[in-house]
Amino acid sequence: MVKKTIAVLPGDGIGPETTREAIKVLSTIGEKYNHEFNVEYADFGGVAYDNYGHPFPKETKKICDRADVILKGPVGAPQYDNISNVNLRPERGAILPLRARYETYANLRPIILPKMLKRISPLKSELIPEGVDIMMVRELVGGLYFGEKKQGTENGERYSMDTMHYTESQVEKIARFAFGIARKRRKVLHNIHKSNVILTCVFWNEIVNRVSKDFPDVKLIHMLVDNAAYKLVVNPTQFDTMLLENMFGDILSDEGGGIIGSLGLLPSACIGPKKAYFEPSHGSAPHRTGKNTANPYSMIGSVALMLEYAFELEKESKTIWNAMFSVLDEGYMTDDLAEDNAPKEKIMGTREFGDMVVKKVKNM
Ligand code: IPM
Ligand code: MN
């Protein structure tokens, strides 16, 4: 039995309604396996800006600081894109500071398309006979996102600059993490880089090569990022685990959503030395907000990742995945996954999908 406190940040848009389903599933797991999960809710993102004047207010920081782990919904909505102080917009005022605060250097983005959902991928079926199963490991607190930024005037015209900055220990840490993941999977690690142009990638690769000596059982393949973007579409099954610099990981993980045909199937884990947070990598889908049509898969999947990576509760985590796949296997789906000719009785609302997963968890 474990006893844990979870800071829950439902966020904006479809965040609250998908979070509600995820917490229902978590509570069911707690009852079934006799764990005590205490949840503490806090505002984060646009809703926090509205209520406190800041997207990551000190009240929320306090709740996150004292929790064992954080479960976060998507944040942002069109009305917050116009906040004149860019540092108070949800992305720069909440998400990046959250990552920095807990040094969540390792971002795990599983790109999984179970076989029964193959139809939703835009790829030809023969390219993905067994569906898709790729683990993207994205560095999350360095590189272009966090390097020095500068704007000013030179030679009479304005300029703007962001820098890709990595220290040796930063690269070493994420490389070790990625090798560790690859070792537990198919033992192939693709290191994604752009060393033909970017000096920092030459440095990155040198460190990755050094770390690889400690993982002789894992096959290391270096691949240029542009080539990887192409290969993900024409031959995705060659990939198992991918190691990516922050910006490359941001871009290719959305491409991952593209090859599986939905951003709605992307849970993720952001892991730091002392604390981790778990979140869907999709946005807040304002057009679906409050309509009970949002897909809670990524939010529920983020709970599964939390159980596995934060609490080492592998069995419990598997139960959630099996429950969710079993619902999908029976042909049930949310509206975002439904084709035009999908049978109406199989299309579930957010709440109904959550209920079905809960029921499966209980019966497993
Ligand atoms: C993501 C998002 C964020 C990022 C934004 C919202 C800051 O796109 O988590 O992939 O760029 O990292
Ligand atoms: Mn992104």
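Student: How are helix 8 and helix 9 oriented to each other, roughly parallel or roughly antiparallel?
Tutor: In this predicted model, the axes of helix 8 (residues 225-234) and helix 9 (residues 246-260) come within 10 Å and cross at roughly 10 degrees. Angles under 35 degrees count as roughly parallel. Helix 8 and helix 9 are therefore roughly parallel.

Student: How many nonpolar, polar and charged residues does the contact of helix 8 with helix 9 have?
Tutor: Helix 8 contributes Val225, Ala228, Ala229, Leu232 and Val233, which meet Phe248, Leu252, Glu255 and Ile259 of helix 9. By class, the contact of helix 8 with helix 9 has eight nonpolar, no polar and one charged residues.

Student: What is the orientation of helix 1 to helix 12?
Tutor: Helix 1 (residues 15-33) and helix 12 (residues 350-363) have axes that come within 9 Å and cross at roughly 10 degrees. An angle under 35 degrees counts as roughly parallel. The orientation of helix 1 to helix 12 is therefore roughly parallel.

Student: How many charged residues are in the contact of helix 1 with helix 12?
Tutor: Residues of helix 1, including Glu17, Arg20, Glu21, Lys24 and Lys32, meet residues of helix 12, among them Arg351, Asp355 and Lys362. Besides five nonpolar and five polar residues, the contact has charged residues, and these number eight.

Student: Which strands are the edge strands of the open sheet?
Tutor: The sheet has 10 strands in the order 2-1-3-12-11-4-5-10-8-9, with mixed pairing. An edge strand here pairs on one side only, and this applies to strand 2 (36-41) and strand 9 (219-224).

Student: Which residue of strand 12 is the bridge partner of Ile70?
Tutor: Strand 3 (residues 69-72) and strand 12 (residues 276-280) run parallel and are joined by two bridges. In strand 12, the bridge partner of Ile70 is Tyr277.

Student: What angle does the direction of helix 6 make with that of strand 5?
Tutor: Helix 6 (residues 168-184) packs on the sheet and touches several strands, among them strand 4 (106-113), strand 5 (132-139) and strand 8 (188-193). The angle between the directions of helix 6 and strand 5 is about 165 degrees.

Student: Which residue has a polar side-chain atom 2.5 Å from an oxygen atom of ligand 1?
Tutor: Ligand 1 is surrounded by Glu91, Ile95, Arg99, Arg109, Arg138, Tyr145 and Asp250. For Arg99, a side-chain N or O atom is 2.8 Å from an oxygen atom of ligand 1, and for Arg138 the corresponding value is 2.8 Å. The residue with the 2.5 Å distance is Tyr145.

Conventions
Residues numbered from 1 in each chain as written. Chains lettered and ligands numbered in written order. Predicted model: local features only at pLDDT ≥ 70, side-chain atom pairs only at ≥ 80, totals over all residues. Heavy atoms only, no water. Pairing = 2+ DSSP bridges. Helix = DSSP H or I, 4+ residues; strand = E, 2+ residues; numbered from the N terminus. Contact = heavy atoms within 4.5 Å. Axes fitted to C-alpha atoms, helices over the stretch in contact; angles between N-to-C directions. Parallel < 35°, antiparallel > 145°, perpendicular 65-115°, else oblique. Nonpolar A, V, L, I, M, F, W, Y, C, P; charged D, E, K, R; others polar. Near = heavy atom within 4 Å. Polar contact = N/O pair within 3.5 Å; in protein donor to acceptor, adjacent residues only side chain to side chain.
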